[in-house]
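User: I'm new to this one and would like a close look at a single part: the place where the first ligand sits. Could you walk me through what surrounds that ligand, and then show me how the rest of the chain is laid out?

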Amino acid sequence: MSDALSPVNPTGGPAGPWSGVPVDLWNSWRWQQANRLRRIDELDAALALSPDERRAFTESSARFDVAITPYYASLVRPGDPACPIRRQAVPQPEELFTSPDELADPLAEERHLIAPGVTHRYPDRALFYVTHNCPVYCRHCTRKRKVADPATAASLGELDAGIAAIAATPAIRDVIVSGGDPLTLADDRLIDLLRRLSAIPHVEVLRLGTRNPVTLPQRVTPALCEQLKTIRPLYVHTHFNHPAECTDAAAAALEMLADAGCVLGNQMVLLRGVNDDAEAVLALNRWLLRHRCRPYYMLQADMAEGIGHFRTPLATGRALVDSLRGRIGGMGVPQFVVDLPGGGGKIALTPDYEVRREGNTHWFRNGTGDVFRFVDVASTE
Ligand SMILES: *Cc1c(COP(=O)(O)O)cnc(C)c1O
Ligand code: SF4
């Protein structure tokens with residue numbers, strides 16, 4: 001990895017303004033949660049905000065909270081306004097703009113609610129939002145409007161209603177426990193929820209969507225993993241976006257989850273100025289595979305309010321997949337996915353490999369640009 005891609009703090013241990021913090025405190029997720037940077041003076045002291053960032057903080061705080069764990073903040077490259085960690089976590093002035101085609105609920109999740117917090121858009125799958133809290137509030141979050149609003153957090157009674165709705169819908173085989181970040185829940189509450197869901201006869205697959213391995217890897221403890229071992233099958237989908245997030249602490253969290261029998265996948269969000277770069281995605285995906293986490297999706301940034309500055313042209317995602325194809329095994333090539341606004345669901349876009357076609361004969365280019373002829377079978381229709 002080149003210097004610009006590798007983490008500033010490769011171990012993920014106490015560094016920079018936190019270098020005096022004892023390692024055992026630093027490694028406590030409770031200490032990390034309690035010491036999150038939330039106020040403007042806290043961010044400024046740790047990260048030296050620019051005048052633009054100060055203005056962005058003040059003007060955006062009514063819409064979307066700010067929180068950064070000391071761990072994640074320790075990965076910010078000092079003095080670099082383009083630092084990928086900084087761009088994901090510190091409010092920037094572009095957040096204040098909403099263009100006319102950006103939507104408060106870009107994926108029409110509310111229209112497909114079957115209970116508070118349960119979106120049932122695909123026949124066999126349900127998305128279950130069990131909390132609205134996250135260790136770090138990502139500036140590119142699609143669910144900005146709901147995340148960080150304590151008034152909309154699911155109460156215990158609502159979780160019961162969600163479980164009941166899933167139990168009453170036999171078509172649901174796959175439940176994605178999401179949020180906010182479900183690892184914000186205490187171990188017992190999370191395990192109880194997963195147990196109750198896995199006890200529903202028609203629920204065959206459970207997924208946990210969490211960014212904790214990226215923003216608060218200390219949350220993945222031996223005690224939690226002992227309990228996760230009892231839930232089968234459990235797919236954990238996480239959200240690494242850049243090699244600067246690939247620390248020893250993050251690797252340890254992935255390894256522990258994999259040792260606990262979880263099947264790991266990564267859902268990267270393609271972000272302009274952060275990871276719209278083949279070298280960055282290649283380095284990230286190589287690291288993920290080394291730690292038993294398969295790149296699953298590369299998501300086009302949604303048309304959510306205030307994230308227009310992160311959106312890339314569709315051609316960028318296609319070109320990235322194309323460039324990965326020739327340079328890393330198929331396991332390292334995620335699907336490039338667009339979640340269609342208005343509740344259309346996800347579609348995968350692929351590079352266009354066909355260069356010419358005559359009847360049944362097609363000419364395709366391969367990853368290195370050479371062209372090959374392929375004769376299809378005659379259609380029987
Ligand atoms: C993304 C999503 C899923 C899961 O989709 P997969 O393509 O199976 O990963 C399920 N429900 C909703 C509402 C979603 O947005
Ligand atoms: S962790 Fe996920 S839900 Fe939470 S702010 Fe980041 S993108 Fe949004």
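Analyst: Let's start with a contact. In this predicted model, the side chain of R207 puts an N or O atom 2.8 Å from an oxygen atom of ligand 1. Taken alone, ligand 1 exposes 380 Å², and the protein buries 90% of that. R125 also takes part, with a side-chain N or O atom 2.8 Å from an oxygen atom of ligand 1. Then there's R121, where a polar side-chain atom lies 3.3 Å from an oxygen atom of the ligand.

Around ligand 1 you'll find T119, R121, Y122, R125, L127, I176, R207, Y296, Y297, D339 and K346. Sorted by class, that shell has 5 nonpolar residues, 5 charged ones and 1 polar one. As for the space itself, ligand 1 takes up the largest pocket. Two elements give two or more residues each to the shell around ligand 1, namely β3 (125–129) and β8 (293–300).

Ligand 2 has C134, V136, Y137, C138, C141, G180, R211 and H239 around it. Its shell splits into 5 nonpolar, 2 polar and 1 charged residue. The space that ligand 2 takes is, again, the largest pocket.

The peptide bond leading from G179 into G180 is cis, with omega near 25°. If you want to find G180 on the model, go to the loop between β4 (174–178) and α8 (187–198). Most peptide bonds are trans, and most residues other than glycine have a negative phi.

P233 sits in the loop between α10 (222–228) and β6 (234–238). Then look at A48, which isn't a glycine and still has a positive phi of about 50°. You'll see A48 in the loop joining α3 (40–47) to α4 (51–60).

Finally, step back to the whole chain. It is divided into domain 1 (16–96), domain 2 (113–349) and domain 3 (351–381). To return to where we began, ligand 1 has R207, R125 and R121 reaching its oxygen atoms with polar side-chain atoms.

Methods
Residues numbered from 1 in each chain as written. Chains lettered and ligands numbered in written order. Predicted model: local features only at pLDDT ≥ 70, side-chain atom pairs only at ≥ 80, totals over all residues. Heavy atoms only, no water. Near = heavy atom within 4 Å. Polar contact = N/O pair within 3.5 Å; in protein donor to acceptor, adjacent residues only side chain to side chain. Areas by Shrake-Rupley, 256 points an atom, 1.4 Å probe, with all protein chains shown as cover. 1 Å grid on protein atoms, 1.4 Å probe; cavity = no way out; pocket = protein on both sides within 12 Å on 5 of 7 lines; lining within 4 Å. Sits in = over half its atoms within 2 Å of the grid points. Helix = DSSP H or I, 4+ residues; strand = E, 2+ residues; numbered from the N terminus. Nonpolar A, V, L, I, M, F, W, Y, C, P; charged D, E, K, R; others polar. Domains from an automatic or database assignment.
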